[in-house]
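Biologist: I'd like to learn how to read helix packing and sheets in a model like this one. Could you walk me through it?

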Amino acid sequence: MIRSPVPALRSRDRMESLPRCGRLSIWLAAWACVLALNGCATYSNSFTTIEHQLEKQQYDAALKTIDKQSKDKKDHVLYLLNKGMVLRMKRDFVASNESLEAAKHEMESLYAASVSQNALSFVINDATVSYAGDDYEQVLVHLYMALNYLELGQPYEARVEAQQIDIKLREIEEKIPGSKFTEDALSEYLSGLIYDELGEWSDAMISYRKAYEAYKKYQVNFSMPMPPMLQFDLVRLAQREGLTDELGRYEKEFGIIPAKRNTADSDPEGELVFVLNSGLAPIKRERVIRTFAPPPSTIVNARRRSEYMNSGQPTPPVMVDIALPYYESRPNRVSGARISVSGRQADTQMMENIDAIARASLNARMPAITARAIARAVAKGVIQESVDRSGQNRDDPAVQLIGSLLVRVATIATERADTRSWLTLPADVQMARLPLPQGTYDVTVELLGNNGQVIETNVFPQVAIRKEHKTYLSQHTMP
C-alpha cells in the first residue's frame, strides 16, 4: 500500500507555523547535526593508512595519501608538516624544507586566532578552528629545517633556523604562562654544534650552556638525563676558551678530566654526526567524561536564579558529557642504534623525548580545554531548553519531538575532542658522533632492541668526511 504524502505535508506546514525563533533553533540544530555527522571521524583516525605506508617505507604512497587530506583548509598546516617530514624520510631535503617553510609561515599567521573561529569552536568544538600547531611543534619545525640544511651541507642556513628557535621560545614563554616547553634542549645543542663547526667558539659555548640548563629542566619535567656528549663538549670548550673556573665546575660535576690538547696535530679529523629519529610521536585520542556543570537555566535566566537564591535552596548542578583529548603512545621496537665506520663505533644517546614533551604540553593546556568543553555543554543546554520551551507552546507533539530530537542529536554529534597533532614526528631523537679522518666511508647502522640485540642493519654507502667539518646523516625508524 502506498502511503499518502499528505501527513508529511501537514507536518511541514506545522513547522512553518512555528515562531521564527523556534524554527531558527531547529534549522540550526539540523545544520550542526549534518556538519558533525559528516566529520564524525577524528583526525587521528585518518592517519592509520599513512602509518602503515610509512612502516613499509612506501613514501610516495604516503605522500599521495597526505595530498588527499590537503582539501581541508583548517588542517592545512598539518598537511604541510606531514608532507615535509615524509619528504625528509625520503631524503628529499630541499622539497622537505619548502613544505616546512610554508607550514612555518602559515603557523605564524594563524598564531592569533580570529574571533569568528573562536566563536565557532565555542559553539561546535575545538577541531573547527584552523590548526596553528602546538607550542613544541612550532619549535620543532625550525629544528627539522636546520637538520635538513645540515644534511645538505649548508651550516649557515642552518644557523638562521637555530636563531629563529630562540625567538620562538621567548614568544612561547611570554604568551603561554606555565608552559614547560620554554627551552628546547636539542635545538640549543644543535646550535652549539653549528657554531662549533663555523669556529664561532663564544656563541657555541653560549648555546652549550643553554642546552645544559635546558637538560637540567628536562630531567625534572620529562625524566630525561643530560646526554654525556654535551658534558664532554662543555669541558672541551671551557678548556679551549680558558674558562678556568667554569672548567673546574664541570670537571667536578661530570667527573671528566679534559684531554690534553695536541697542538702539533697537522691533520685534524672530521666528524660524522648521526641522528636517529625513532618511532612515531604519540597520537591523540578522545575520551568522553561525565562531569557536573551549572544548569543552563540558572545562567541565562536571572529570575530563576533569583528564585533559587530566595528559596534558600542550592542551585542543582547538571550532569554533562564532554569529549577531551589524551595522548596514546605508539609501540617502538627500537631503543637505540650503533654506528660503525672502519672499526670505530659509537652508540646513540637520547637527545629529545618528543613523546614526553607532547604529553606535558597537553597537560598544561587541559584546564583551558576542559573549561571550554564544559562551557559548550552548558551553551548547548541553553539551546535545548529554548527548543523545548518553543515546542511546549505548540499543540503539535510531532513538531516538538522533531525539534527536540534534532538538537539532542546535534549536541552529541558535535561534542568531539580536537585530536590533531603533527603525527609524523618521531617519538624521540637520538644522536651519535664519531670522529673520522678525511675520506669516504660506508657507514653501518645497527638498530638495537630493548634488550640491546641487533634487530636491523642498514648501510649508507660513500659518506664523505672532510677535515674540521661535520657530516650529518639521519635515519627514521617506524613502529
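Predicted model: local features only at pLDDT ≥ 70, side-chain atom pairs only at ≥ 80, totals over all residues.

Biologist: At what angle do the axes of H6 and H8 cross, and within what distance do they come?

Modeller: Two packed helices are described by the angle between their axes and the distance between the axes. Here helix H6 (residues 93-110) and H8 cross at roughly 155°, and their axes come within 10 Å. Axes are lines fitted to C-alpha atoms, for helices over the stretch in contact, with angles from 0 to 180 degrees between N-to-C directions. Helices (H or I, at least four residues) and strands (E, at least two) are DSSP runs numbered from the N terminus. The crossing of H6 and H8 is left-handed, that is, the near helix is turned anticlockwise from the far one by less than a right angle (clockwise would be right-handed).

Biologist: Which residues of H6 and H8 meet?

Modeller: Among them are Phe 93, Leu 100 and Met 107 in H6, and Val 141, Tyr 144 and Met 145 in H8; contact means heavy atoms within 4.5 Å. By class, this contact of H6 with H8 has 7 nonpolar, 5 polar and 4 charged residues. Ala, Val, Leu, Ile, Met, Phe, Trp, Tyr, Cys and Pro count as nonpolar, Asp, Glu, Lys and Arg as charged, and the others, Gly among them, as polar.

Biologist: And how do H5 and H8 pack?

Modeller: Helix H5 (residues 76-89) and helix H8 (residues 135-151) pack at about 25°, with axes 12 Å apart. H5 and H8 are therefore roughly parallel to each other. The contact includes Leu 81 and Met 85 in H5, with Val 141 and Leu 147 among the H8 residues.

**Sheets**

Biologist: In what order do the strands of the mixed sheet lie?

Modeller: Strands of a sheet pair through backbone hydrogen bonds, either parallel or antiparallel. In this open sheet the 4 strands follow the order S6-S7-S1-S10, with mixed pairing; two strands pair if DSSP finds at least two bridges between them. Strand S6 (349-353) and strand S10 (470-477) are the edge strands, each pairing on one side only. The twist averages 25° from one strand to the next. Strand S1 (residues 270-278) runs parallel to S10, joined by 8 bridges, and Phe 274 has Leu 473 as its bridge partner in S10. H8 packs on this sheet, touching S1, S6, strand S7 (428-436) and S10.

Biologist: What is the strand order in the antiparallel sheet?

Modeller: That open sheet has 4 strands in the order S5-S4-S8-S9. S5 and strand S9 (454-465) stand at the edges with a single partner strand each, so one side of each is left without a neighbour in the sheet. Strand S4 (residues 336-341) pairs with strand S5 (residues 344-347) over 4 bridges. In their hairpin, with 2 residues between the strands, Ser 342 takes a positive phi near 50°.

Methods. Residues numbered from 1 in each chain as written. Heavy atoms only, no water. Parallel < 35°, antiparallel > 145°, perpendicular 65-115°, else oblique.
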